[in-house]
Amino acid sequence: MRKKTLSDLAARAGDRIVVRVDFNVPLRDGRVADDTRIERTLPTLRRLTAAGARLVVLSHLGRPGGRPRAEASLRPVAARLGELLGEEVRFSPEATGPEALARARALAPGEILVAENTRFLAGETRNDPELAAAFAALGQHFVNDAFGTAHRAHASTAGLALAMRARGGEAVAGLLLEREIRFLGDALEDPGRPFVAVLGGAKVSDKIAVIEKMLARADRVLVGGAMANTFFRALGLETGRSLVDEDGVELAARLMDRAGDRMMLPVDCVVSPRIAPDAVTREVPRAEVGADDRIGDIGSATRRMFADQLKQARTIVWNGPMGVSEMPAFAGGTLAVARSAAAATASGAVTIAGGGDSAAAVRAAGLADSFAHVSTGGGASLAFLAGKPLPGVEALSDAQGTPRRPAGE
Ligand code: ADP
Ligand code: MG
């Protein structure tokens, strides 16, 4: 069922709209250290204020555990948002209750009020219906633009959407959320082929549902990262002192059986006795990993083999780095995959990177703009790729009929 988006929102100028965003940004010395997440919300906020809406913006920040903590206050974030917009942004130290409501009511059309961290309230992560109703009382409609928390049912996400609809208001996806579901959804439902999935990262058991889903849909599944070590073990290969997901070995064996030649494992590895920034590394075929070695990355033959597959792909979905990408000595494989995917984008493939660490590696390489889409949600994109329902999306108002297309499309 298609969900309503900003274009379906029948709001009038002067309406108060509650917008849930992801302002979960790093703070240093009371200032915003990286405002990427704030910047990403600007299109939705601007679209709404330009239409004369009055906005009450909600977000969580960190894990304050259901009580106020000065170091997790959204006050500096509200200030930064104001700088980015070049307009005054108001702040409410309460996110619910009479004071918050009074501040929301005092807004002029086009003005924005950022309310304090939703996770200062005990009911937030338990999705307390009373808290959700209190959030909903702040406005006439709800826009959810927080993809990063869409896989969790919290009071300010799924709860608020249902509470707003119960009051007769609408609950719609913001521009960011809409983009995420469109890219990830289309890739799973109707991918251009060949469809190549690249999976890496640390654990097999964490990502088992994603591997299974990709095996069912993709033409090729390329496996790297520590995840590959678990498959090596299942093949009976020496993995030395590498990170292996011991609980995942049997599962890996079964998956390999089922996948046949659709799954490609690394043929060589970058190894070192230590995984450290100053590690001295060597490359070996996968059958020659020593008992004292640690596998830290995929080797050059593997990078070429993966590049060949990615070159032919019309759809690429990538989750999880190919090695310990935080350290330059083991970042080469991840960088090579990022470059191959970027080249595929240039020749028309739909390329999607998801996962916190993979997205960070793509950004660090300066290649974020060379992907069709870099997902903003680590856990949420993983849940989506695994085919799990996202409560924050499911709770939104259903759209009737066929999707609206912008004029000229
Ligand atoms: P994502 O956040 O993109 O979903 P994960 O969190 O699953 O990815 O995996 C990223 C982590 O996996 C990183 O911390 C990286 O260092 C680690 N990793 C990848 N390959 C290896 C390896 N060969 N040995 C040890 N750790 C690895
Ligand atoms: Mg991660």
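A polar side-chain atom of Ser358 sits 2.4 Å from an oxygen atom of ligand 1. The protein covers 81% of the 580 Å² of accessible area that ligand 1 has on its own (Shrake-Rupley method, 1.4 Å probe). This is a predicted model, in which local features need pLDDT of at least 70, side-chain atom pairs count only at pLDDT 80 or more, and totals for chains, interfaces and linings use all residues. Residues are numbered from 1 along each chain as its sequence is written, chains are lettered from A and ligands numbered from 1 in the order written, and side-chain values use heavy atoms, leaving out hydrogens and water.

**Ligand 1**

- Glu326 also places a polar side-chain atom by ligand 1, 2.6 Å from an oxygen atom.
- For Lys207, a polar side-chain atom lies 2.8 Å from an oxygen atom of ligand 1.
- The shell around ligand 1 holds 18 residues (a heavy atom within 4 Å of the molecule).
- The closest residues are Lys207, Ala226, Glu326, Asp357 and Ser358.
- Helix H8 (225-234), strand S14 (294-298) and helix H12 (356-364) are the elements giving two or more residues to this shell.
- H12 supplies the largest share, 3 residues.
- Helices (H or I, at least four residues) and strands (E, at least two) are DSSP runs, numbered from the N terminus.
- By type, the shell has 6 nonpolar, 9 polar and 3 charged residues.
- Nonpolar means Ala, Val, Leu, Ile, Met, Phe, Trp, Tyr, Cys and Pro; charged means Asp, Glu, Lys and Arg; the others, Gly among them, are polar.

**Cavity**

- The structure has 1 cavity of 30 Å³ or more.
- A cavity is a set of points, on a 1 Å grid over the protein atoms alone, where a 1.4 Å probe fits but cannot get out.
- The largest cavity contains about 80 Å³ of space, a volume filled by probe spheres set on the points, which are joined across faces, edges and corners.
- Its lining (an atom within 4 Å of a point) includes Asp22, Arg37, Arg40, Asp145 and Phe147.
- Helix H1 (residues 36-50) gives the most to this lining, with 3 residues.
- The lining divides into 3 nonpolar, 3 polar and 4 charged residues.

**Overall fold**

- The protein chain contains 14 helices and 17 strands.
- The C-alpha trace spans about 70 × 50 × 35 Å along its principal axes.

Terms used
1 Å grid on protein atoms, 1.4 Å probe; cavity = no way out; pocket = protein on both sides within 12 Å on 5 of 7 lines; lining within 4 Å. Polar contact = N/O pair within 3.5 Å; in protein donor to acceptor, adjacent residues only side chain to side chain.
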